[in-house]
Amino acid sequence: EDTTSIRGGGVAILISESRIDLSHSALPHIDHGEDPVTESIGVRIFLGPKCSIDIYNFYCPPIRSSSAQENRPPNSFNPDISLTATLNNLPETSRGVLIAGDFNCHHERWDLRASPDSMGNYLVEYCDENLLQIANTGAPTFLAPPTKNSSATVRLSTPDITLHTPTIEVSDWTPAPPIGRCGHHAITYSILPTEPFTILRKHLR
């Protein structure tokens, strides 16, 4: 999904042509409410006649204190709106949802090198209340050049997060080498749907 109104470059989900045994369809665009900068795209993978999982890719720009910076409003990502939309969109036969993306926030649940910020605390609270699990191991997913005031050669952090419903088992979550010059690591993992998501719906607010 290309983005022309804001600087971000758009988001994408790639499906290998070798997986012709898996049918899929694009999911409706998520309404992010009053958040004008978060980008997302989703796809539904059909594992059988009555079995599917939803996969989303999110990009939330870094938190900024002023809309004057880069002519972009500050990050106003709201999990109660955006992530709830992914859960509410699941059909009765779904095995759940996996949400991966660059959320540009920090918490010790996924980032062992940066101090928690307000958005990270908000996201953790939402996940705990809505049974979303965090697949990250604490390993860094981003390698950034040093700032002018830093003596370190590089800075490591984990802005990239993998979330999933407990009905999807995520294993072997591993950051691979950085992709090109962007500093972000590719992240590989295996997923296994375990049971229908409907058994968990009653727990969601």
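Accessible areas here come from the Shrake-Rupley method with a 1.4 Å probe, and for residues only the protein chains shown count as cover. By this method the protein exposes about 11,000 Å², of which carbon and sulfur atoms supply 53%. The model is a predicted one, in which local features need pLDDT of at least 70 and side-chain atom pairs count only at pLDDT 80 or more, while totals for chains, interfaces and linings use all residues. Residues are numbered from 1 along each chain as its sequence is written, and side-chain values use heavy atoms, with hydrogens and water left out.

The protein has two helices and ten strands; helices (H or I, at least four residues) and strands (E, at least two) are DSSP runs, numbered from the N terminus. Along the sequence these follow the pattern β-β-β-α-β-α-β-β-β-β-β-β. Of the 205 residues, 41% count as buried, where buried means under 20% relative accessible area, exposed means over 50%, and partly exposed lies in between (1.4 Å probe, protein chains only). Contact means heavy atoms within 4.5 Å. Among contacts between residues at least 6 apart in sequence, 63% join residues at least 24 apart.

Six of the strands form an open sheet with mixed pairing, in the order S1-S2-S3-S4-S8-S5. Two strands pair if DSSP finds at least two bridges between them. Strand S1 (23–26) and strand S5 (133–134) are the edge strands, each pairing on one side only. Within the sheet, strand S2 (residues 39–48) and S3 run antiparallel and are joined by nine bridges. One of the residue pairs to look for is Ile45 with its bridge partner in S3, Ile53.

The interior comes next. In soluble globular proteins, nonpolar side chains tend to be buried together. A nonpolar core is a set of buried Ala, Val, Leu, Ile, Met, Phe, Trp, Tyr and Cys residues joined through side-chain atoms within 4.5 Å. The largest such core in this model has 23 residues, and Leu83 and Leu123 have the most contacts inside it. At least two residues of this core come from each of strand S3 (51–59), helix H1 (79–88), strand S4 (94–102), helix H2 (118–129) and strand S8 (160–164). Helix H2 supplies the largest share, five residues. Leaving aside neighbours within four places in sequence, Leu83 is in contact with Phe58, Phe77, Asn78, Ile99, Leu123, Tyr126, Leu132 and Leu163. Another core, of nine residues, lies apart from the largest one and includes Ile53, Leu98, Ala135 and Ile168.

Charged residues also find partners. Side chains of opposite charge can pair when their charged atoms come close. The structure holds two salt bridges, a salt bridge being a side-chain nitrogen of Lys or Arg within 4 Å of a carboxyl oxygen of Asp or Glu. In one of them Asp54 pairs with Arg44, and the closest N and O atoms are 2.7 Å apart. This pair links distant parts of the chain, with Asp54 in strand S3 and Arg44 in strand S2, ten residues apart. Asp54 is buried, at a relative accessible area of 0%, and Arg44 is buried too, at 14%. Asp128 forms a salt bridge with Arg109, with the closest N and O atoms 3.0 Å apart. Asp128 lies in helix H2 and Arg109 in the loop between S4 and H2, so this pair ties together parts that are 19 residues apart in sequence. Here Asp128 is partly exposed, at 45%, and Arg109 is partly exposed, at 37%.

Cysteines tell a simple story. A disulfide is a pair of cysteine sulfur atoms within 2.5 Å, and a search of the whole structure finds zero of them. The sulfur of Cys105 is 7.2 Å from the closest cysteine sulfur, in Cys60, which is too far for a bond. Cys105 is buried, with a relative accessible area of 1%.

Ser76 sits in the loop between S3 and H1 and is partly exposed, at 31%. Not counting residues up to four places away in sequence, Ser76 touches Glu34, Asp35 and Pro36. Most residues other than glycine have a negative phi, and most peptide bonds are trans. Leu131, although not a glycine, has a positive phi of about 65°; Leu131 is placed in the loop between H2 and S5. Asp172, in strand S9 (residues 168–178), has a positive phi of about 55° and counts as exposed at 59% relative accessibility.
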